[in-house]
Amino acid sequence: MKKLFAVCICASLSFCLSGCTLGTVLEQFTSTGDTSVQETPVPSDNTVSEIKDRVYMDEISGTLQDFTGSQLILTSQDVSYVFNVSNATLECEGGMITGDEISVIYEGQLSNTDTSTVKALKVVDEFHKKNKLKNHTTRGKVMALTPNTITIKNKKGITTTYPITGTRQYYQNGIKSGDWVYIKYKGTLPDNSQDTSQAVNASHLKVLSISDLKKLKIPDPTPVPTQKPDDGSDEDITEKEQQFLATVQGVNLNILQIIPAGTDTLLNLDMSSVPVWFKGGIAPGSHVNITYKGDFQTDTLEGIQILAVTGEDPDNISDKHLSFTVTGTITGNTANTITLQTDDGAIDTFRVESAENYADQALEYGSYVRIIFHPSRSKSSNIYTAVQIHDA
């Protein structure tokens, strides 16, 4: 008993001399199971420096409201945040579609809605998505059609312009002003309830298809007849279905501007009453087959009957032979994309990390460039894959 008392006295003296409290020693004892008192290491200067240099990273998830090319707005729990993403990588599978659930991964500590205190690193799909983007279908009368946009007016009189770069289009009975078409798309249309102009800008949706058929179904191509005259003479080629290849220059509603292969003559082809099929969209630079009857002269379309217009299939084209192009002014960029305002007013974003850059100018705000892109690599995304970049 005397020995135990002496041990307690010595232990108490040790506590006082070492500056440790009884609680500290108990914590050490209970956590290690060792009755010996362990010395707490003093942080070195290097350790303190490592703590100071430690980077704080976090993420915020919400619904994408708008994207300008370098900046995005997302809403999380009814609060809006504006992020500068000019140094971030965009990694959303569906692109930047309004109404989609995304996450912004950032460096630093967010102070309420003040995003100037953080640096955005990545924009990714929200892992725990509550609502998957659904396909929607709308119908309206065609008001305008260009390579990258279509404008329709619905039965309520509301006019909406949709982005259609690379979008498959099939018009069974041709295309012209006033025709009714169905547009299939992903995303959320902006609320125009407070807008008295009755016009909607749907620039950040993903349009999947356009057709005068509600359910787009492409018929099998009509085989070219191989009929022979009974008298054994040469066949009259003016009665046989034939084709010629041309390069698309542009489109304005029903007028398709083309240059036939082997010539430099610009021709205006009327698509108002013939079947039209563009699997990769009506992109300048892409090729098109014109099916016709008659005696074709390369400098005019007079004297022939146009039977069908068929664009080339981008699924069967290698990167080396692609010629689908978009031309416009750079209005924004991220670490792996650039955004153009196209010549016809669309806002298109292109993934450029693997593109061959032949432009002499820097890819910065205000630069005017021409991009060759691959429509087949963005069938469900509104971020297109750039293959080459050139000065416009």
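In the predicted model, the side chains of Ser-61 and Glu-126 are joined by a polar contact of 3.4 Å. These two residues are separated by 65 positions in sequence, yet their C-alpha atoms lie 6.4 Å apart in space. A further polar contact, of 2.6 Å, links the side chain of Ser-61 to that of Ser-103. Ser-61 belongs to strand E1, which spans residues 57-67. Beyond neighbours within four places in sequence, the contacts of Ser-61 comprise Leu-74, Ser-76, Ile-102, Ser-103 and Glu-126. Ser-61 is classed as partly exposed because its relative accessibility is 26%, a value between the 20% and 50% limits of that class.

Nonpolar residues were examined next. The largest nonpolar core contains 37 residues, and Ile-150, Tyr-162, Leu-256 and Val-309 have the most contacts inside it. Strand E14 (residues 242-252) supplies the largest share of this core, with four residues. A second, separate core of 20 residues includes Ala-283, Leu-322, Val-387 and Ile-389. In soluble globular proteins, nonpolar side chains tend to be buried together. When residues up to four places away in sequence are excluded, Tyr-162 touches residues including Thr-138, Asn-148, Ile-150, Ile-183, Tyr-185, Leu-205 and Val-207.

The protein chain has a mean pLDDT of 84, with 79% of its residues at 70 or more. Residues 1-38 have pLDDT below 50, and this stretch makes 13 contacts in the model beyond near neighbours in sequence. Over residues 222-229, pLDDT likewise stays under 50, with 10 contacts beyond four places in sequence.

How values were computed
Residues numbered from 1 in each chain as written. Predicted model: local features only at pLDDT ≥ 70, side-chain atom pairs only at ≥ 80, totals over all residues. Heavy atoms only, no water. pLDDT = per-residue confidence, 0-100. Contact = heavy atoms within 4.5 Å. Helix = DSSP H or I, 4+ residues; strand = E, 2+ residues; numbered from the N terminus. Buried < 20%, exposed > 50% of the residue type's maximum accessible area, 1.4 Å probe, protein only. Polar contact = N/O pair within 3.5 Å; in protein donor to acceptor, adjacent residues only side chain to side chain. Core = buried A, V, L, I, M, F, W, Y, C linked by side-chain atoms within 4.5 Å.
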